[in-house]
Amino acid sequence: MNAIMRRALTGAMALSLAAPLAACGSEQQDAGAGKDSIGLLLPESKAARYEKFDRRIISSRIASLCLECKLDYHNAEQKVDAQKRQFDALVDKGVKVIILDPVDAAAVKGWVDSAAKKGVKVIAYDRLAEGDVAAYVSYDNEKIGRLQGQGILAALGSQAAASDVVMMNGSPTDPNAPSYKKGAHAVLDGKVRKIIYEKSIPDWSAKAAKKEMTDVINAEGPEGFDAVYSANDGMAGGIAAALKSAGLKNVPLGGQDAELPALQRLVAGTQSFTIYKEVRPEAETAAEIAFRLLRGKSIKSLTSTTADNSSKSGIPATLFKAQIVTRKNMKDTVVSDGTVRTDLLCAGDLAAACKSLDLE
């Protein structure tokens, strides 16, 4: 064998040995890819808050706490199967902490339990997921429902006891929806004449809420009800459109989330109130809990209470307080907090109304 052939053979053997070693190295890298990653799974993008606030604030807070940490973010767009694929992919990558806002809180139980057995810590965010979750960060949802009920009563004023109310409740798959409903009923029952119609709206759909409201108007007549409870602002937008199409004005209507279109309806007088849940403390707390769990640190100082789901009790939790926003206190709440810019709030034909409210 001459020198040229020996060199060629040696090179070929080196390459053949290097290939499996490289493949092995790649597998090891993939297996550890999630060690400094925190997963964030949000349920949908119809509600403006998720992409505009939650994702941005959580990402910023994690970056400030941990330079080497990476946020592995995905949005399920209201699809349970998509969220399961996203969740499983994070676990397969080796991600050990996942902030999860579930599309369907009950559907995730098996995923969460399986992940927990592999040492994955799941933080239930905004909605209390089922299964072996490590922590829960949200708002006191029954109190939010109570605030909504109080908002309806305040809008009805002295006519409340003689008033009939329509209730459009939240999605059946959202564990928060029953709490809003329970809180609202606790305030409204016995204080209004009657709840004449009540429906849970799948996926918090504005389109479905509009259709339901149109059906109620057609069935009960334009004088057949006095106020409408909407579990959130997105549905309130559909309901307001149905009321407008029927030529109905000055019907008390409440929502939740303090979204820009809802705040503009407050200015215009087509929505009576919304519920302001400041996203920043909720998002930043979830981010810090995630970081501490990632580093094996205590979260006791960040979780002042506990919560129970159907399969686990005593889950470390933080529940923040919300507040009612009306035309009268917008300036001192959502505007002063920087949640909404007045140039956007007061755009177009709302300028005059904003001026009268001293919002410009």
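Entry one, the largest cavity. I looked up its volume and found about 150 Å³ of space. I kept in mind that this is a predicted model. Its lining is made of 14 residues. Y50, D126, R127, D257 and K277 lie nearest the centre of this cavity. I then checked which helices take part. I found α2 (48-65) and α6 (176-188), and each gives at least two residues to the lining. I sorted the lining by class and got seven charged, four nonpolar and three polar residues.

Entry two, the cavity count. How many cavities of 30 Å³ or more are there? I noted two. I listed its lining as P43, E44, Q78, V103, R127, S171, T173, D174, D203 and W204. By class, I put down four charged, three polar and three nonpolar residues.

I went back to α6 and looked at it beside α5 (residues 141-156). The two axes come within 6 Å. They cross at roughly 40 degrees. I therefore wrote down α5 and α6 as oblique to each other. Their crossing is right-handed.

I looked next at who makes the contact. On the α5 side I noted ten names: N141, E142, I144, G145, R146, Q148, G149, Q150, I152 and L153. On the α6 side I have N176, S179, Y180, K182, G183, A184, A186, V187 and L188. Sorted by class, the residues of this contact are eight nonpolar, eight polar and three charged.

Terms used
Residues are numbered from 1 along each chain as its sequence is written. This is a predicted model: local features need pLDDT of at least 70, side-chain atom pairs count only at pLDDT 80 or more; totals for chains, interfaces and linings use all residues. Side-chain values use heavy atoms; hydrogens and water are left out. On a 1 Å grid over the protein atoms alone, a cavity is a set of points where a 1.4 Å probe fits but cannot get out, and a pocket is an open set with protein on both sides within 12 Å along at least five of seven lines; lining residues have an atom within 4 Å of a point. Grid points are joined across faces, edges and corners, and a volume is the space filled by probe spheres set on the points. Helices (H or I, at least four residues) and strands (E, at least two) are DSSP runs, numbered from the N terminus. Ala, Val, Leu, Ile, Met, Phe, Trp, Tyr, Cys and Pro count as nonpolar, Asp, Glu, Lys and Arg as charged, and the others, Gly among them, as polar. Axes are lines fitted to C-alpha atoms, for helices over the stretch in contact, and angles run from 0 to 180 degrees between N-to-C directions. Angles under 35 degrees count as roughly parallel, over 145 as roughly antiparallel, 65 to 115 as roughly perpendicular and the rest as oblique. A crossing is left-handed if the near helix is turned anticlockwise from the far one by less than a right angle, and right-handed if clockwise. Contact means heavy atoms within 4.5 Å.
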